[in-house]
Amino acid sequence: MASRRTIPRVVWQGQVCDCIVEGDKIAELRPVGDTETSGEELVLLPGLIDCHTHLREPGQEHKEDINSGLAAAASGGFSNISCMANTVPVNDNAAVTTMMLQTAAEKKPEGPALHPVGALSRGLAGKELAFMYELAQAGCIAFSNDGVPVSDSGLMRRAMEYSADLQLPVIDHCEDPDLSPGGVINEGLMSERLGLQGVPSISESIQVARDILLASYLEVPVHLAHISRRESVELIHWAKNKGVPVSAETCPHYLLWTEEEVAGYDPLCKVNPPLGTADDVTALRQAVREGVIDILVTDHAPHAQFEKEIPFSRAPNGISGLDTALSLCWSLVEEDVLTQKDLIRLWCRSPARIFGLRDNGFHPGDPADFLLFDPGDSWTPTPETMRSRGKNTPCLNQELPGRIRLNCRKGKALYGRFPQETA
Amino acid sequence: MEWTHKDLLSVTQLTSAEILDIFHLAENFEEIGTRPVKKTPTLRGKSVLLFFAEPSTRTKTSFDIAAKRLSADTFSLATSGSSLEKGEDLRDTGLTLQAMQPDAIVIRHSQSGSADFLAQQLQCSVINAGDGWHAHPTQALLDGFSLYKLWGEFRGRTLLLLGDIAHSRVARSDIELFTKLGASVRLCGPRTLLPRYIRDWPVTVYSDLEEACRGVDAVQCLRLQLERQRSGLLPSLREYATRFGLRKRHMELARPGARIMHPGPLNRGIEIDSDLADSPESLILDQVSSGIAIRMTLLYLFLTSISRRSE
């Protein structure tokens, strides 16, 4: 018989419960009488799912590798993560997918589970479809050209049709590269003041509109990556009202920071799409609350320190996000921007639904993937405390609220410790 | 039978009764091919022009043999070195050919609608031997005839068309013919090779080949034009073969006695497993001989109705 373990007195959505785990599954979530919370209890959350990361292996292990990326995911509260295909070589064939999965299984046999995203086009070159069936057979759960926008709408159409037959989503990095050549920051007052080449918001929204129209015409789904602008949100809202099968994601950094962060030319704030305006942040916060944007992802994009320590325009895009995502989002809960329920929907329920993964609803038989989170504590991401090899985040050395005490996947601790059991 | 058509442009113009009449006649004409002397004087003095502006081996030879078995004279235009290659437009070519006074012109052309175009220009009969993605009526008739000889009755039968439907004149003509005769038609292929508005066609669409084969009476594999991969509709031919190549295990799901067809030429190992193409269930070679009988029948109907009309 599978081992049985009780995690006593944890708070699930405001209610004190005992969480009972049997083997790798949830046996029961049992409310503890009418006991009031003492404020000392840990918060119980389902294991998070991040469907957009870059783990850099194979090819750029000086930035991150599968082992360090999964370690960062474990300490960040994730039980499942996806990794994008822009590795070297590109994950556009079964051999690379298989290598990724084998490495993950060897280095982190207990998880977090890795779910590769296959390339949409061969070599991400945007010319020919990648071997999508072969990638699906090898274990890819979606297709994307992330990092290299698909400007050929004909190819985008074929990719969406082909993957619809495979019943796997296509994730589009929405950017019209002809509108953003050399852009390094949002096109606006800040770019003009700093004398930096701007990326206009329409570079994203035009591609969002295209993808929505493709999905509407073809009647097949499309998932829009890292949405960052108000117009994009408005288009997605319109599309969903019309019943177009579109889903979308954004990242914590687009809910928290604006182009103002770039005022000191800090390369740690350089990301693609670039940080937007306060108005974009307002629109995105409303969109995640209302479900216009379905999910949150980190777009974890680790870089080596030396790569970011160069002048702004030359520095690579990207923010390292796996370590800090939950604490950053908890700060939004503290500000009443989001509720705990929103967090669970945005990081667990909806990503599981869109990407066909199993999440933990704490029903008997659900996978025992959960976190114990201490909202009363805090931590500070530093090069030493971050597990990711990439320390490139604007919140480096800033104190963040909350702390993960345990990340448990399938009944086993990936990070932290089980609390003392009571008899 | 009463034959009132001037031209054969697509299956659309034929009634199911006419199609069955063609099959009945074809059974008689097929018998001629089994004689020691495979020739009758039926169409002596008639001339048939074979105008193939697109490469073709089997259809052209089939028409040529059909005409000669009925003692008609055939003339063919070579594809290469023809005035067409020198840039002459189809209307001038057609009028020039008509001035040579053939009784019928058989046309194969890469442009959809070219047979209709020629038929409007010319007084003689025009028989469409394949125009672009539009129609290939004699292929559909010979496919139907091959199965008619086995089945007799089409109602209650299911045919699966497998492969590139969007760019296939064979698929369009087969769908029309088999549904007219009361058979059900299924389609299977990657969505990138299916027409967008296929849900409005009188067919059932499958994306999984095993599901598509379950309980069918015949499978017609369509030739995969290898340029479909180059034009971005498929990731690779290998993936196509893995997902949509017909294999023995698929036919094991079909109704016992189910047949395998292919209009040719075959890409062995891509749309069809090589052994399967040569198996006893394969009708592929019968399709070729049925084609001669069907084309004899059509030439007979057109060329004798002309003389009746002029009497």
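**Reading the features in turn**

Biologist: Does B:Thr40 count as buried or exposed?

Modeller: B:Thr40 counts as buried, because its relative accessibility is 10%. The cut-offs are under 20% relative accessible area for buried, over 50% for exposed and partly exposed in between, with a 1.4 Å probe and protein chains only. Before going on: this is a predicted model, in which local features need pLDDT of at least 70 and side-chain atom pairs count only at pLDDT 80 or more, while totals for chains, interfaces and linings use all residues. Residues are numbered from 1 along each chain as its sequence is written, chains are lettered from A and ligands numbered from 1 in the order in which they are written, and side-chain values use heavy atoms, with hydrogens and water left out.

Biologist: Where is B:Thr40 found, and with which residues is B:Thr40 in contact?

Modeller: Elements come from DSSP runs: helices are H or I of at least four residues, strands are E of at least two, and numbering starts at the N terminus. B:Thr40 sits in the loop between α1 (16–32) and β1 (47–52) of chain B. Contact means heavy atoms within 4.5 Å. Setting aside neighbours within four places in sequence, B:Thr40 touches B:Ile32, B:Arg35, B:Arg69, B:Leu70 and B:Ser71. Its side chain also makes a polar contact of 2.7 Å with the side chain of B:Thr42. A polar contact is a pair of N or O atoms within 3.5 Å; within protein, one must be able to donate a hydrogen and the other to accept it, and residues adjacent in sequence count only if both atoms are side-chain atoms.

Biologist: How is the packing of two helices described?

Modeller: By the angle between their axes and the distance between the axes. Axes are lines fitted to C-alpha atoms, for helices over the stretch in contact, and angles run from 0 to 180 degrees between N-to-C directions. The axes of α1(B) and helix α5 (residues 137–151) of chain B come within 10 Å and cross at roughly 75°. The two helices are therefore roughly perpendicular; that label covers 65 to 115 degrees, with under 35 roughly parallel, over 145 roughly antiparallel and the rest oblique. The residues of this contact divide into eight nonpolar, two polar and three charged. Here Ala, Val, Leu, Ile, Met, Phe, Trp, Tyr, Cys and Pro are nonpolar, Asp, Glu, Lys and Arg are charged, and the others, Gly among them, are polar.

Biologist: How do strands of a sheet pair?

Modeller: Through backbone hydrogen bonds, either parallel or antiparallel. Two strands pair if DSSP finds at least two bridges between them. In chain B, five strands form an open sheet in the order β7-β6-β5-β8-β9, with parallel pairing. β7 (204–206) and β9 (259–261) are at the edges with a single partner strand each, so one side of each has no neighbour in the sheet. From one strand to the next, the twist averages 20°. Strand β8 (residues 218–221) pairs with β9(B) over three bridges, and B:Ala218 stands opposite B:Arg259. α5(B) lies across β5 (158–162), β8 and β9 of chain B, at about 165° to β9(B).

Biologist: How many residues of strand β4 (residues 42–46) of chain A are buried?

Modeller: Five of the five, so β4(A) is largely enclosed by the rest of the structure. A:Leu42, A:Leu44 and A:Pro46 are buried on one side, and A:Val43 and A:Leu45 on the other. β4(A) pairs in the parallel sense with strand β1 (residues 4–12) of chain A over two bridges, where A:Val11 is opposite A:Val43. With strand β15 (residues 370–379) of chain A, the pairing is antiparallel over four bridges; A:Leu372 is the bridge partner of A:Leu44.

Biologist: Which values of phi and which peptide bonds do most residues have?

Modeller: Most residues other than glycine have a negative phi, and most peptide bonds are trans. A:Leu124 is not a glycine but has a positive phi of about 55°, and is buried at 6%. A:Tyr265 also has a positive phi, near 55°, and is partly exposed at 38%. The peptide bond from A:Val88 to A:Pro89 is cis, with omega near 0°, and a cis bond also joins A:Asn272 and A:Pro273, with omega about -5°.
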